[in-house]
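Please open the model in your viewer and keep the selection tool at hand. The stops below each begin with something to select.

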Number of protein chains: 2
Amino acid sequence: MSFSVTILGSSSALPTSKRFLTAHLVNHDERFFLIDCGEGTQFQLRRFRQKTARINHIFISHLHGDHVYGLFGLISSLSMLGRKNVLNIYAHPKLENILKDHFKYFDTDLTFPIKFHQINSKTSKILYEDDKLEIHTFPLRHRIPCSGFIFKEKTKLFNIKKEMIEFYDLGIKDIIGIKNGSDYITSEGKIIPNVHLTIPPIAPKTYVYITDSKTMDSVIPLINNADLLYHEATFLDSDSKLAKLTYHSTALQAAKIAETARVKKLVLGHFSSRYKHEEKFLEEAKLVFQNTVLAEDGMRIEI
Amino acid sequence: MSFSVTILGSSSALPTSKRFLTAHLVNHDERFFLIDCGEGTQFQLRRFRQKTARINHIFISHLHGDHVYGLFGLISSLSMLGRKNVLNIYAHPKLENILKDHFKYFDTDLTFPIKFHQINSKTSKILYEDDKLEIHTFPLRHRIPCSGFIFKEKTKLFNIKKEMIEFYDLGIKDIIGIKNGSDYITSEGKIIPNVHLTIPPIAPKTYVYITDSKTMDSVIPLINNADLLYHEATFLDSDSKLAKLTYHSTALQAAKIAETARVKKLVLGHFSSRYKHEEKFLEEAKLVFQNTVLAEDGMRIEI
């Protein structure tokens with residue numbers, strides 16, 4: 001089952017010649033979730049051959065332009081392509097009015113409905129749930145209300161051994177029970193322990209998305225042991241005063257969060273265009289947390 | 001004196017992997033004028049190494065997203081870079097409210113003032129004038145109010161021959177008169193005809209921008225003998241019914257306008273993404289008007 005994230009844009013507020021504005025595409029089992037939608041996101045989706053039409057859920061962390069200005073063009077293009085399916089948008093309540101006014105101003109009749117889900121950026125909550133995945137939101141600390149996201153796979157079912165199905169001539173009801181962890185009781189009343197019948201499932205995986213925010217220890221219990229943490233690193237630690245002032249993080253701060261929360265891998269992004277040498281973000285983070293990479297536009301990370 | 005246009009985006013409503021959305025940058029004597037501002041215009045300005053900060057005038061043909069959605073990000077970025085100079089925007093009156101509401105919604109305090117100039121899309125008018133250039137607007141016929149633009153150099157001054165300045169020991173007043181076409185009268189009362197004193201100036205040049213519009217003969221007297229005509233060609237003539245229905249033009253129609261108006265060069269753009277083989281636009285136009293080229297993103301045309 002696929003679980004990956006593709007970085008569509010990795011610059012902070014100002015785009016550079018190499019980096020577009022923030023957007024991530026999460027593929028979980030061929031369902032596609034977009035996180036943030038900076039200007040040009042629709043170009044990047046096309047450039048990196050992603051399935052734009054199959055995005056059904058868009059999560060917006062906060063209402064700064066570099067995280068949301070691409071939404072107007074993306075929605076327009078989906079409509080021009082004749083989309084019919086509901087598009088779910090999860091964001092601060094203000095965006096609902098912005099979108100309504102926008103499409104009224106531009107006389108746009110969309111070919112598909114938008115279902116708007118308000119995020120209360122002051123509390124943690126499950127925003128989305130199906131049989132395989134939960135998507136949680138949690139508060140961040142930026143200059144304006146801002147939310148982080150956790151993509152958390154549900155505990156997977158046990159994989160039943162094929163030969164056991166034949167050997168015990170198992171019916172569908174038995175199989176469902178065993179996949180959920182039950183033992184099997186034969187018609188003679190003999191208990192066959194689940195462990196003999198199954199292979200344990202792959203551990204469920206977790207992807208955490210944190211941008212834009214000043215560093216905050218309160219996220220640590222929420223993201224403990226995550227498989228992949230994307231954390232903004234707008235500044236280097238030599239500019240930590242500036243980070244504090246603008247409610248952003250440094251590479252060192254992000255790495256400390258990763259280390260304390262014992263995540264498995266850290267990807268840094270949202271680099272300020274003020275820095276010429278981005279490898280310094282990596283050097284700084286690796287002092288504290290070795291398994292760090294720098295986001296690049298088009299980079300796909302398997303979770 | 002430089003007079004050129006750089007094509008920043010040349011697709012119609014949907015961007016393609018090769019073509020961004022509509023925007024042109026006109027450089028007249030190192031003053032920079034932007035026409036239209038589709039999503040991603042700020043990236044293209046950077047990509048093609050143009051002087052974004054030196055744009056002081058933006059002209060918007062009409063309020064369809066593919067011609068204007070890049071304005072929000074461009075203005076935000078200029079503000080983040082600390083711009084102080086007035087930015088003049090010429091567009092349909094509705095855009096003034098859209099911008100006001102937009103920056104209110106996004107709590108954006110710009111570092112510079114915007115001066116908004118309303119375009120009445122029903123009449124021809126001079127929008128901008130200085131000592132070297134006039135910019136005219138004129139009505140087009142699209143599904144919503146839409147305006148074309150003419151960049152018209154003013155008649156240039158005669159170039160006075162250096163040796164004549166020395167020979168007749170000319171003062172500043174004399175020089176100004178001669179540059180404006182006067183003859184010179186010596187202290188002995190002898191008349192020296194202007195033609196002996198000067199080299200004729202280069203003929204003033206004209207650039208015309210027409211998109212989006214159905215074909216309309218009424219533009220012909222306005223654009224007669226233009227040096228460069230940019231004309232939209234959303235469709236091929238085999239789809240002329242569709243062009244009529246959607247208030248767009250075909251390559252053949254654009255070429256007929258160019259031919260009848262005796263312009264010197266035609267550049268076609270705004271191609272619908274439905275066509276795989278864009279050379280067909282060129283073949284079709286050249287049947288009628290030989291000096292035609294297809295717009296490409298990044299193309300710079302000297303006028």
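Select strand 14 of chain B, residues 206–210: of its 5 residues, 5 are buried, so that the strand is mostly covered. Here a residue is buried if 20 or more other C-beta atoms lie within 10 Å of its own, exposed if 12 or fewer, and partly exposed in between, with C-beta atoms placed from the backbone. Strands (E, at least two residues) and helices (H or I, at least four) are DSSP runs, numbered from the N terminus. This is a predicted model, in which local features need pLDDT of at least 70 and side-chain atom pairs count only at pLDDT 80 or more, while totals for chains, interfaces and linings use all residues. Residues are numbered from 1 along each chain as its sequence is written, and chains are lettered from A and ligands numbered from 1 in the order in which they are written.

Now display the side chains of this strand. In a regular strand the side chains alternate between the two faces of the sheet. B:Thr206, B:Val208 and B:Ile210 point one way, B:Tyr207 and B:Tyr209 point the other way, and all are buried.

Strand 9 of chain B (residues 147–153) is antiparallel to strand 14 of chain B, with 4 bridges, and B:Phe151 stands opposite B:Tyr207. Strand 15 of chain B (residues 228–232) runs parallel to strand 14 of chain B, also joined by 4 bridges; B:Leu229 is found there opposite B:Val208.

Next, select strand 2 of chain B, residues 23–28. Because 5 of its 6 residues are buried, this strand is largely enclosed by the rest of the structure. Strand 1 of chain B (residues 3–9) pairs with strand 2 of chain B in the antiparallel sense over 6 bridges, with B:Gly9 opposite B:Ala23. Strand 3 of chain B (residues 31–35) is likewise antiparallel to strand 2 of chain B, over 5 bridges, and B:Ile35 is the bridge partner of B:His24. Between strand 2 and strand 3 of chain B the hairpin has 2 residues, and B:Asp29 takes a positive phi near 55°.

Finally, select helix 9 (residues 251–260) and helix 10 (residues 279–286) of chain A. Their axes come within 8 Å and cross at roughly 40°, the axes being lines fitted to C-alpha atoms over the stretch in contact and the angles running from 0 to 180 degrees between N-to-C directions. Helix 9 of chain A is therefore oblique to helix 10 of chain A; angles under 35 degrees count as roughly parallel, over 145 as roughly antiparallel, 65 to 115 as roughly perpendicular and the rest as oblique. Residues are in contact if their C-beta atoms, placed from the backbone, lie within 7 Å. Helix 9 of chain A contributes A:Ala251, A:Leu252, A:Ala254 and A:Ala255 to the contact, and helix 10 of chain A contributes A:Phe281, A:Glu284 and A:Ala285.

Key. Pairing = 2+ DSSP bridges. Contact = placed C-beta atoms within 7 Å.
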